[in-house]
Amino acid sequence: MISTDALRELLPEGRVFDDPDVLAAHSRDRATFCPAGTPAALVRAYDTEDVAAVLKWAHENRVPVVPQGARSGLSGAANALDGCVLLSLEKMDAILDIDPDEQLAVVQPGVVNGVLAAAVAEKGLFYPPDPGSRSISTIGGNVSTNAGGMCCVKYGVTGDFVRGLEVVLADGRVMRTGRRTAKGVAGYDLTRLMVGAEGTLGVVTEVTVALRPASAQPLTAVAFFPEVAGSARTVSGYLAEGYQPSVLEFMDASSVKAVQQIADLGFPEGMAAMLLVQSDRGADAPADLAAFERVARAMGAAEVVVSDSAAEGEMLMQARRLVGDAHEKLGKALLIDDVCVPRRHLVDLVEGLQRIAEEHRVQVLCSGHAGDGNMHPVVAFDDGDADETARAQKAFDAIMQLGLDLGGTITGEHGIGQLKREWLGRELDDAGLWASRAIKAALDPHNVLNPTRVLP
């Protein structure tokens with residue numbers, strides 16, 4: 001066990017904590033089936049110098065460091081290891097610059113996504129990446145997992161908006177990557193390398209993000225289908241006609257039912273699936289939604305509701321935003337998954353989930369970003385029942401395999417962390433796994449940065 005006295009000598013007062021209750025409160029994120037060890041200390045960093053001092057010391061003393069943001073992740077990447085230093089970046093929460101002329105912002109990693117979105121909106125700008133946890137998740141955490149959200153179908157994920165980073169490397173050196181300009185291809189793309197690395201290659205201490213001009217107030221429509229296949233065909237058919245919705249979301253019958261139990265939104269009963277679409281193209285939005293209704297009805301939709309106001313649209317969007325709360329109200333343990341498949345295989349995925357639920361005798365609910373094929377199956381189970389817990393784990397593995405079998409990937413935005421390390425070894429080929437391990441060894445030769453995470 002390390003001595004916290006050494007860390008206290010390195011850092012300003014009030015940075016280092018070793019109270020057992022404090023450590024326990026910071027020892028894990030929101031993932032299920034991911035163990036958490038007992039950390040030796042928690043460091044609350046307030047600036048890049050704090051981070052650099054901790055990493056230089058940890059590198060020299062071979063002490064593992066687990067970087068943390070808001071701990072809202074779902075893969076166990078922020079969980080403590082025995083004897084580690086938890087490096088919290090929550091206090092590094094300043095918006096350093098918003099530049100309307102260049103349409104960019106510079107922020108520290110502890111800035112909450114929703115806070116940044118609101119700040120740039122005041123200047124007529126728009127930060128599109130919008131994970132469901134945007135009210136609590138931080139930009140640093142979003143960068144760490146390359147988080148997405150409901151606007152991805154049109155605007156892309158976090159990495160598509162990261163222009164540059166300040167990163168502290170494993171030995172304490174500070175590196176700047178990327179640029180503030182709209183274009184730049186000098187050298188290796190080290191920015192992209194760090195995005196999605198989950199704190200295994202360096203600790204991000206500053207992020208430069210691109211912004212967009214504020215979009216028009218969106219209009220919204222929902223469609224209900226008696227068969228899942230009709231909803232999947234609608235997604236493919238609508239996008240194939242060239243439309244670019246700003247949101248295109250899916251909810252299966254179980255998710256709709258769960259939402260209805262906490263907020264009666266008047267949705268019809270007996271439907272197998274629901275699609276929710278938004279268009280933010282201003283005067284063209286009504287035509288976009290009319291086209292969606294046409295396609296949906298041609299694909300067998302039993303009911304389509306098209307909003308005629310932003311307020312009504314916000315009420316319809318509430319259904320999708322309440323999914324997470326509705327799942328938690330089920331009173332069961334949740335294994336939240338995150339697979340992405342080609343859109344043409346959406347129906348195969350959802351129908352496959354139903355078979356997995358029946359085979360393993362657990363409840364599987366599904367919602368997600370249908371527009372880009374990124375779905376979030378959720379296995380709900382009684383974690384007080386050892387047999388059901390084992391069946392839930394098998395169901396989770398079956399979902400992973402189904403995603404790969406359909407030509408997809410094991411994660412679209414939640415990351416690998418601890419939860420999916422084994423599965424990353426199955427998704428990558430031998431050369432890709434070798435290259436990944438070589439990069440890790442080169443940048444972190446003593447394996448102090450978030451060890452036992454991401455790479456199998």
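Predicted model: local features only at pLDDT ≥ 70, side-chain atom pairs only at ≥ 80, totals over all residues.
**Nonpolar cores**

- The largest nonpolar core has 59 residues, and Phe250, Phe292, Leu349 and Val379 have the most contacts inside it.
- Here a nonpolar core is a set of buried Ala, Val, Leu, Ile, Met, Phe, Trp, Tyr and Cys residues joined through side-chain atoms within 4.5 Å; buried means under 20% relative accessible area, exposed over 50%, and partly exposed in between (1.4 Å probe, protein chains only).
- Take Val379: setting aside neighbours within four places in sequence, its contacts include Ala333, Leu334, Leu335, Val362, Ala392 and Phe396, contact being heavy atoms within 4.5 Å.
- Gln363 is also in contact with Val379.
- Apart from that core lies another, of 52 residues, with Leu125, Val143, Tyr155 and Leu169 among them.

**Salt bridges**

- Searching the whole structure turns up 22 salt bridges.
- Glu90 and Arg71 pair through their side chains at 3.6 Å, N to O.
- Glu90 sits in the loop between strand E4 (85–88) and strand E5 (95–99), and Arg71 in the loop between strand E3 (65–68) and E4, so this pair ties together parts that are 19 residues apart in sequence. Helices (H or I, at least four residues) and strands (E, at least two) are DSSP runs, numbered from the N terminus.
- Glu90 counts as partly exposed, because its relative accessibility is 32%.
- Arg281 and Asp284 form another salt bridge, at 3.5 Å, N to O. Arg281 is partly exposed at 39% relative accessibility, and Asp284 is partly exposed with a relative accessible area of 39%.
- The side chains of Arg297 and Glu293 meet at 3.1 Å, N to O, in a salt bridge.
- That last pair is within helix H10 (residues 285–298): Arg297 and Glu293 are four residues apart, so about one helical turn separates them.

**Cavities**

- There are two cavities of 30 Å³ or more. The search runs on a 1 Å grid over the protein atoms alone: a cavity is a set of points where a 1.4 Å probe fits but cannot get out, a pocket is an open set with protein on both sides within 12 Å along at least five of seven lines, and lining residues have an atom within 4 Å of a point.
- The largest cavity holds about 50 Å³ of space; grid points are joined across faces, edges and corners, and a volume is the space filled by probe spheres set on the points.
- Among the residues lining the largest cavity are Val228, Ser231, Phe250, Leu346 and Met375.
- Helix H8 (228–240) and helix H13 (346–360) each give two or more residues to that lining, and H8 has the largest share, four residues.
- By class, the lining of the largest cavity has 10 nonpolar residues, one polar and no charged. Ala, Val, Leu, Ile, Met, Phe, Trp, Tyr, Cys and Pro count as nonpolar, Asp, Glu, Lys and Arg as charged, and the others, Gly among them, as polar.
- The second largest cavity has a volume of about 40 Å³, and its lining includes Leu74, Ser75, Asp337, Asp338, His414 and Lys420.
- Its lining divides into four nonpolar, three polar and three charged residues.

**Second largest pocket**

- This pocket contains about 520 Å³ of space.
- It has 24 lining residues, and Leu193, Val195, Gly196, Ala197 and Val454 are the closest to its centre.
- Helix H7 (190–194) and helix H16 (430–443) are the elements that give two or more residues to this lining, and H16 gives the most, with three residues.
- The lining has 11 nonpolar, eight polar and five charged residues.

**Pro456**

- Pro456 lies in the segment after H16 and is partly exposed at 33% relative accessibility.
- Leaving aside neighbours within four places in sequence, Pro456 is in contact with Arg421, Leu424, Gly425, Leu433 and Arg437.
- The C-alpha atoms of Pro456 and Leu433 are separated by 8.7 Å, with the two residues 23 apart along the chain.

Methods. Residues numbered from 1 in each chain as written. Heavy atoms only, no water. Salt bridge = Lys/Arg side-chain N within 4 Å of Asp/Glu carboxyl O.
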